[in-house]
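Please look at the sequence and the model below before reading on. The report then goes through the structure part by part.

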Amino acid sequence: MNADCQRYAESPEANLAHLRDCLACRELYALLDARVESKAVNVDALPMAGWEGAGYRSWPLVIGGALALLTIAFSLCMIAGISLFSAMSAGARFDWRGTLAMADEAVRPLGPIGFAAAFLVVNTLLVLLLRRAPRGIDA
């Protein structure tokens, strides 16, 4: 392969005259053109993606999480001795700084070991939830 052949390989449109002059390049590109078959792709025969026919949906998990959150909120309101509706109406005038200070006082007796254990438990739960394999079309 010489410099003219290299120029043709890099830019065939700009160097069309080279193909008429070089027998080796003409034979090589004729062989390559013969190997390339162009036929239409049948889109109906393509396999479906995993998410297109998946049977697993996360809605039960979302609904279950919302119900669990509502149950926890209702339980906390019952322990505090207030109704759930009065707690929701008090949400507009909620004192975030006081709540954070109260949470700090509640967590402080646990110490760093207890906090690290709680951190590991929560993150282990999240990793287990994320490792759940989605069900695809072949499941």
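**Basis**

This is a predicted model, in which local features need pLDDT of at least 70 and side-chain atom pairs count only at pLDDT 80 or more, while totals for chains, interfaces and linings use all residues. Residues are numbered from 1 along each chain as its sequence is written, and side-chain values use heavy atoms, with hydrogens and water left out.

**Overall make-up**

The protein has 7 helices and 0 strands. Helices (H or I, at least four residues) and strands (E, at least two) are DSSP runs, numbered from the N terminus. Read from the N terminus, the order of elements is α-α-α-α-α-α-α.

Of the 139 residues in the protein, 6% are buried. A residue is called buried under 20% relative accessible area, exposed over 50%, and partly exposed in between (1.4 Å probe, protein chains only). The accessible surface of the protein is about 12,300 Å², and carbon and sulfur atoms account for 67% of that surface. Accessible areas come from the Shrake-Rupley method with a 1.4 Å probe, and for residues only the protein chains shown count as cover.

A contact means heavy atoms within 4.5 Å. Among contacts between residues at least 6 apart in sequence, 31% join residues at least 24 apart.

**Salt bridges**

A salt bridge is a side-chain nitrogen of Lys or Arg within 4 Å of a carboxyl oxygen of Asp or Glu. By this rule the protein has 2 salt bridges. Asp-4 pairs with Arg-7, and their closest N and O atoms are 2.1 Å apart. Both residues lie in helix H1 (residues 3-10), where they are 3 residues apart, about one turn of the helix. Asp-104 and Arg-108 also meet in a salt bridge, with an N to O distance of 2.6 Å.

The table gives the accessibility of these residues.

| Residue | Relative accessible area | Class |
|---|---|---|
| Asp-4 | 37% | partly exposed |
| Arg-7 | 42% | partly exposed |
| Asp-104 | 37% | partly exposed |
| Arg-108 | 57% | exposed |

**Single residues**

Is His-18 buried or exposed? His-18 counts as buried because its relative accessible area is 12%. His-18 belongs to helix H2 (residues 16-21). Apart from neighbours within four places in sequence, His-18 is in contact with Asn-2, Asp-4, Cys-5, Tyr-8 and Cys-25. Asp-4 in this list is also the salt-bridge partner of Arg-7.

Ala-24 is placed in helix H3 (residues 23-35). With a relative accessible area of 53%, Ala-24 is exposed.

Phe-85 is in helix H5, and a relative accessible area of 65% makes Phe-85 exposed.

**A nonpolar patch**

Which residues make the nonpolar surface patch? Trp-59, Val-62, Ile-63, Leu-67 and Leu-70 make this patch of about 540 Å². Patches are made of residues with over 30% relative accessible area and no salt bridge: like charges are joined within 9 Å, and nonpolar side chains (Val, Leu, Ile, Met, Phe, Trp, Tyr) within 5 Å. Trp-59 lies in helix H4 (residues 59-80). Trp-59 is classed as exposed because its relative accessible area is 58%.

**The largest pocket**

The largest pocket has a volume of about 260 Å³. On a 1 Å grid over the protein atoms alone, a pocket is an open set of points where a 1.4 Å probe fits, with protein on both sides within 12 Å along at least five of seven lines; lining residues have an atom within 4 Å of a point. Grid points are joined across faces, edges and corners, and a volume is the space filled by probe spheres set on the points.

The lining of the largest pocket includes Leu-69, Ile-72, Leu-76, Ile-82, Met-88 and Phe-94. Helices H4 and H5 (84-89) are the elements that give two or more residues to this lining. H4 gives the largest share, 6 residues.
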